[in-house]
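Biologist: Hi! Could you walk me through this one while I have it open on my screen?
Modeller: Happy to, ask away.

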Amino acid sequence: MKQAIRVTVFITALCGIVFPALLTLFGQLLVPDKAAGSLLQQNGKFIGSELIAQPFTSKQYFHGRPSAVDQLAGASAGDNLAASNPELTTKINEQQEQSKEDGRSLPDDARVTSGSGFDPHISLDYARAQVNRIATERDLSRDEVRRLIEQEAGNDAYVNVLLLNLALDRSQS
């Protein structure tokens, strides 16, 4: 019995203390910005994380995906409606009517919440659908706003909303 207790204590200490401590140490040494949560600073103040969506509601900024939770709440959740649920279809149709940009239909990520509610990315189609509104609000050319989208996306099919909005702010300063 003593041997079983010793082995249990040893394995618990190894797996519950030593291994997590080593992973944390290696993370801090090899990729400190990622280990700290990919936090972004501006003028010495933390303004957000590249990994977690922030709510943007102003017409002069790109908007992220709809969320089933308050994105500042610290808890994630989806809407938990199955694709076969008629309530989901009704909800999507209502959001489609409310969120048309320039009379055009929006892509799915503009109408359907992400699984966690904290997805920081939007599709290039959704970003492009917001170009006219942002160009008008900021008195920019549509080509300049499109260029920023392409620049921030690189070769990806998605773009980080926070990084795109920061690039938008930088372009006007």
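Biologist: Which way do H7 and H8 cross, right-handed or left-handed?
Modeller: The crossing of H7 over H8 is right-handed. Keep in mind that this is a predicted model.

Biologist: What angle do H7 and H8 pack at?
Modeller: About 135 degrees, and the axes of H7 and H8 are 10 Å apart. An angle over 145 would count as roughly antiparallel, and H7 is therefore oblique to H8.

Biologist: Which residues make that contact?
Modeller: From H7 you have Glu144, Leu148, Ile149 and Glu152. H8 contributes Leu163, Leu164, Ala167, Leu168, Arg170 and Ser171.

Biologist: OK, and how do H6 and H7 cross?
Modeller: Their axes cross at roughly 120 degrees and come within 9 Å. H6 and H7 are therefore oblique to each other, and H6 passes H7 in a right-handed crossing. On the H6 side the contact involves Val131, Asn132, Ile134, Ala135 and Thr136. On the H7 side look for Arg142, Val145, Arg146 and Ile149.

Biologist: Is H6 largely enclosed or exposed, and why?
Modeller: H6 covers residues 131-138, and it is largely enclosed by the rest of the structure because 6 of its 8 residues are buried.

Biologist: Which ones are buried?
Modeller: Val131, Asn132, Arg133, Ile134, Ala135 and Arg138.

Biologist: And what covers them?
Modeller: The cover includes helix H5 (124-129), helix H7 (142-153) and helix H8 (161-171).

Biologist: What follows H6?
Modeller: Asp139 does, and its phi is positive, near 55 degrees.

Biologist: Nice. How many aromatic pairs are there in the whole structure?
Modeller: The search finds 1 aromatic pair. Phe56 and Tyr61 form that pair, with ring centres 5.6 Å apart and planes at 45 degrees, so the pair is tilted.

Biologist: Changing topic: where does Ile52 lie?
Modeller: Ile52 is in the loop between strand E2 (45-49) and helix H3 (86-98).

Biologist: Does Ile52 count as buried or partly exposed, and why?
Modeller: Ile52 counts as partly exposed, because its relative accessibility is 42%.

Biologist: What does Ile52 touch?
Modeller: Leaving aside residues up to four places away in sequence, Ile52 touches Phe118 and Pro120.

Biologist: How far apart are Ile52 and Val161?
Modeller: In sequence they are 109 residues apart, while in space the C-alpha to C-alpha distance is 9.9 Å.

Biologist: Let's zoom out. How many helices and strands does the chain have?
Modeller: There are 8 helices and 4 strands. Starting at the N terminus, the order is α-α-β-β-α-α-β-α-α-α-β-α.

Biologist: What share of the chain is buried?
Modeller: Of the 173 residues, 32% are buried.

Biologist: And what share of the contacts joins residues at least 24 apart?
Modeller: That comes to 58%, among contacts between residues at least 6 apart in sequence.

Terms used: Residues are numbered from 1 along each chain as its sequence is written. This is a predicted model: local features need pLDDT of at least 70, side-chain atom pairs count only at pLDDT 80 or more; totals for chains, interfaces and linings use all residues. Side-chain values use heavy atoms; hydrogens and water are left out. Helices (H or I, at least four residues) and strands (E, at least two) are DSSP runs, numbered from the N terminus. Buried means under 20% relative accessible area, exposed over 50%, partly exposed in between (1.4 Å probe, protein chains only). Contact means heavy atoms within 4.5 Å. Rings of Phe, Tyr and Trp (its six-membered ring) pair if their centres lie within 6.5 Å; planes under 30 degrees apart count as stacked, over 60 as edge-to-face and the rest as tilted. Axes are lines fitted to C-alpha atoms, for helices over the stretch in contact, and angles run from 0 to 180 degrees between N-to-C directions. Angles under 35 degrees count as roughly parallel, over 145 as roughly antiparallel, 65 to 115 as roughly perpendicular and the rest as oblique. A crossing is left-handed if the near helix is turned anticlockwise from the far one by less than a right angle, and right-handed if clockwise.
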